[in-house]
Amino acid sequence: MKIKRLFIKNLASIADAELDFAEGPLREEPLFLICGDTGAGKTTILDAICLALYGQTPRYPKANRTGETVGGLKSDDPRQLVRHDSKNASAVLTLQGNDGRQYEAVWSVEAIAKGVNKGALKKCSWTWKDCSPNGLVYTLKEDCEAAVGRAVGLDFGQFCRTTLLAQGQFTEFLLGTDEKKASILEKLTDTSKYSSLGTKIKESFTDANNAVTDIESRIRALAGLSEEERSGIEASRVELSARITAKEQEAAAAKLKADWLEKESMLAAKERDAAEALKVSYASLKDSACRKERELCAVKEEFVSVREFLARDADNAAMYERVEVIVSDLRDIRSASAKRLGKEKELAELEKAKPGLEETARRDKDARDEAARAVREKNEQITCAEAEVENVGMRALRREKEVLDNRVGELKVLKSRLEEIKRRRAELDARGGKMKSLQSEYDRLEAALPELESAAKTAKDEFEKAKSERDVQKSLIDDGIKKIVAELRVGDTCPICGNKIAELRGEAYFTELIGRLNKVCNDAERIFREKESEFNKVSAQKAEKKRAVEEERIQSAREEKALRSLEETVKSVALSLEISAGADGAVDAALEDCRSRIDEVSKKIGEGEQRENLVKELRAEAGKLDKALGKAEERREKSSQEYRDCIQKIETAKAAVEETAAQVKEKTAAVTEKISQEDWRRLWLADAEKFERALKGRAEEYRAKKTSETELEHKVERLGEEYRQVVACLKRVEDVMPEVAAIAADGSSRGVSVADIDARLGGFAQLKEDISRHAAERPVALSDTDGLEALRAAVSERKKSCDEMRTELGALEQRLKDDDGRGRERAACEQELETAKKKRDEWKPLYDWFGSDDGSKVRKTIQAYVLKNVLVKANAVLARLAERYELSCEGLTLTVRDSFEGGVERPVNTLSGGEGFLVSLALALGLSGVNESGLGVDMLFIDEGFGSLSGEHLDRAIETLENLNAIFGSRKVGIISHIASLREKVKTHIEVKREGHDPSTVRVAAVVCR
């Protein structure tokens, strides 16, 4: 991912700022410094980047004291960054994703404008926009997170670990215990997931081992029958089977006898029931025969009556068949007659209106002719007035005035530009004086620098000399003189001068002596620091003056170029206007001349406009006359059309009267041929509807009788056939049971049919055959003394005995089945046990190496591996920062190998402050280069920590960070620091300044480094 531009509005101390990382100094230089006083807002730049990308910041991490509130907001709410009393705040970041597409990420928040909550902040808004054509825009949090993940390749934690490096954390890592290192590694490398892996390994091994134990318990519980037990059960089963077979045979023999006796009794009962039912059915059918005979006689009488009616009205049969057509024709005649009467009435009304329409048409034509004459006269007046306007030459006068007006405008512009040239020339002269003053001040500072540098160097030499003398004398006193003095006594011979010692100096003397040496050294150092500070101050002033001179020179050049361009433009305009721009008063004279000519032309235009107004008035009057003519023409056309329409309607009405009369005559003749009634016209003309209803009634009655004739004929045939069938059926019953002939009809209404009687006869005959067949099948062993109840009791007793023996046999067989099932289950369990043992044996080595309840084994192993990978990257950086050292580890314990001491390894806590920072920085950069996803950001931010470096170490750190892309690929580095010495070593600055209570200003500056 490449960061392009960042816009900040109303966040922390920054009210409005824009940073362009894709253009200018921030694009060219691999290293830049974010500098400013403490609290100015340097870290706010990182907050804005994180807010735009992830909607949160490292300053307010998630789930950090979420129960606390500050100013109505939770303490971990990023809205805490919004400037007080701001109506809105935002962070906008444009970037190029790892997929090569351009994106814009926006985090924003607004204040409520009205109501009781006015000024309170609304919920944060987060937008992710794909800037490519037809790119998508996401506003939901889940969609934005997914889109950032695809484009950047890092979540918030990974982004902070690899892009935002806080030095204090790595110093703590360098010097902390193994547990502390493990905790920090979990946060920085996301290795906490491996703790759960160790726990899962332990759980998996335990589950596998428990599975083996459970299967072994199940196998022990599945012990089977012995061979002796199985043999005894088999013998008992065979004996029971034989006894059951014997009992079943006895039960079958008794059941056979009982079934025969029961069937014999059943057949006898059926025979009695069938005979009785047949007698009852015979009596009912005999009654049915009497009823059918009476019904047949009644239908025959009705049939004869219908035939007589049809014979009487046979002459009108053809008319009745066409009655619907006749009635329809009669109605058509009535409709045509009514239509003819209507047309005759309409014709009379038209003839009456014709003279009035003719007179109206004549009057409207005369009015139209009068209006046309008035229009012709008004047009002649307009033509004369237009000729007078044309003679004035209004078009030429207006063109001339327009040209003069344009010239006045151009002269005014020329005049203002001449005044602007004078003003710019004066400003340019003033800027030249200011630049000379700045150059003079710069020359003064440059001239003073060598003397100040020399004084600072002299003071430094004096300080180093005093320090060296103090250190030498202190060493002599501490390591030599004090020991010698401690062994001497008054009166001894001095080992240096050979004289006798009269007095020995005590500890206070040496302390006072060293104190005087320290004072001399401190005074020399103070003077050196003052001279150095004065030199640095003048150097900074010189650089500032040089920058100011350069800016003034550039601005002067720009203004001089703009002035020359403006002068050329003025000359060109003056040339086009044919005046001398340099002559005093030439433009004013030209303006006065133009204005005088404009007044003359305007007077003539006024006179011409009066004539034009007269033409307009005449044209308005002509327009009114045209409208009146149009209306008169419309009225004439309308009245003429109405007269013509009346003539046409009269002709149409006459034709319609003649046509309807012919239709009535034709239809009347056609109906007369269809109606067979002699006096029908008299009756129809007297009451047409009554005649038509009567005619239709007689036709319907005739048709009904005709239909009834056919139905009655069929009914006579059907009833005769049914009567004959009933009589034949009665004869068949008498043939089978002669005694029923004496039975009289019982008057019942059971509705017994011939088919029912035939079915009963068939059943009765079949029952006789079944009785004969059953008698032939009598069991040989059945004696006359055998009773049905005794035989049924014997069958039940033997079945009960068989059931008891079968229950006993089933229990024996179930024992054998259960034993077989346990054997199969035991074999399956043994196979399952082998599989479970293999699985347990597979997990055993992993459990021995990594398994634990808290996951500490695997976590430490993985973290040690990760730490070694980090050290590979860190040592590549450390070789540039301090080639003397190389980091190594045993587990999580860090050591440093010192090449200056023959490669000996020693604890990292023996490093000095500056050395410790360099090693911590190498660790931080090494960790930022270990990224599992393979994706990353083209920028690395290092927050503070350079205060402990000076001299060569600081230079090396800066040089290494500038060349960081040689180690980790193309990455820019931004250092966040308030250390003044860094400003002289880094070329590009993002300066964050704040004065008093005003918002901080942010600007990018390129400086010249020493």
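Q: Why is Arg368 called buried?
A: Arg368 has a relative accessible area of 19%, and a residue counts as buried when this area is under 20%, as exposed when it is over 50%, and as partly exposed in between (with a 1.4 Å probe and protein chains only), so Arg368 falls in the buried class. The model is predicted, and local features therefore need pLDDT of at least 70, while side-chain atom pairs count only at pLDDT 80 or more and totals for chains, interfaces and linings use all residues. Residues are numbered from 1 along each chain as its sequence is written, and side-chain values use heavy atoms, with hydrogens and water left out.

Q: What makes the contact between Arg368 and Asp369 a salt bridge?
A: Their side chains meet at 2.9 Å, N to O, and a salt bridge requires a side-chain nitrogen of Lys or Arg within 4 Å of a carboxyl oxygen of Asp or Glu, so the pair qualifies. Side chains of opposite charge can pair when their charged atoms come close. Asp369 is partly exposed, because its relative accessible area is 32%. Both residues belong to a network of salt bridges that also links Lys365, Glu633, Arg636, Glu637 and Arg644, and a search of the whole structure finds 67 salt bridges.

Q: What makes Glu721 and Arg724 a salt bridge?
A: The closest N and O atoms of Glu721 and Arg724 are 2.7 Å apart, a value that meets the definition. The two residues both lie in helix 15 (residues 688-736), three residues apart, about one turn of the helix, and Glu721 is partly exposed with a relative accessible area of 37%.

Q: Why is Ala704 called partly exposed?
A: Its relative accessible area of 46% lies between the limits for buried and exposed. Ala704 lies in helix 15, and although Ala704 and Val306 are 398 residues apart in sequence, their C-alpha atoms are 10.0 Å apart in space.

Q: What makes helix 2 count as mostly covered?
A: Twelve of its 13 residues are buried, among them Lys42, Ile45, Leu46 and Tyr54. Helix 2 (residues 42-54) lies across strand 1 (2-11), strand 2, strand 6, strand 7 and strand 8 (125-130), running at about 105 degrees to strand 1. Contact means heavy atoms within 4.5 Å, and the angle, on a scale from 0 to 180 degrees, is taken between the N-to-C directions of lines fitted to C-alpha atoms, for helices over the stretch in contact.

Q: Why are strand 11 and strand 12 said to pair?
A: Two strands pair if DSSP finds at least two bridges between them, and strand 11 and strand 12 have six, in the antiparallel sense. Cys889 has Leu894 in strand 12 as its bridge partner.

Q: Why are strand 11 (885-890) and strand 13 (904-907) called edge strands?
A: Three strands form an open antiparallel sheet in the order 11-12-13. Strand 11 and strand 13 each have a single partner strand, so one side of each is left without a neighbour in the sheet. Strand 12 (residues 893-898) and strand 13 pair over four bridges in the antiparallel sense, with Val896 standing opposite Arg906.
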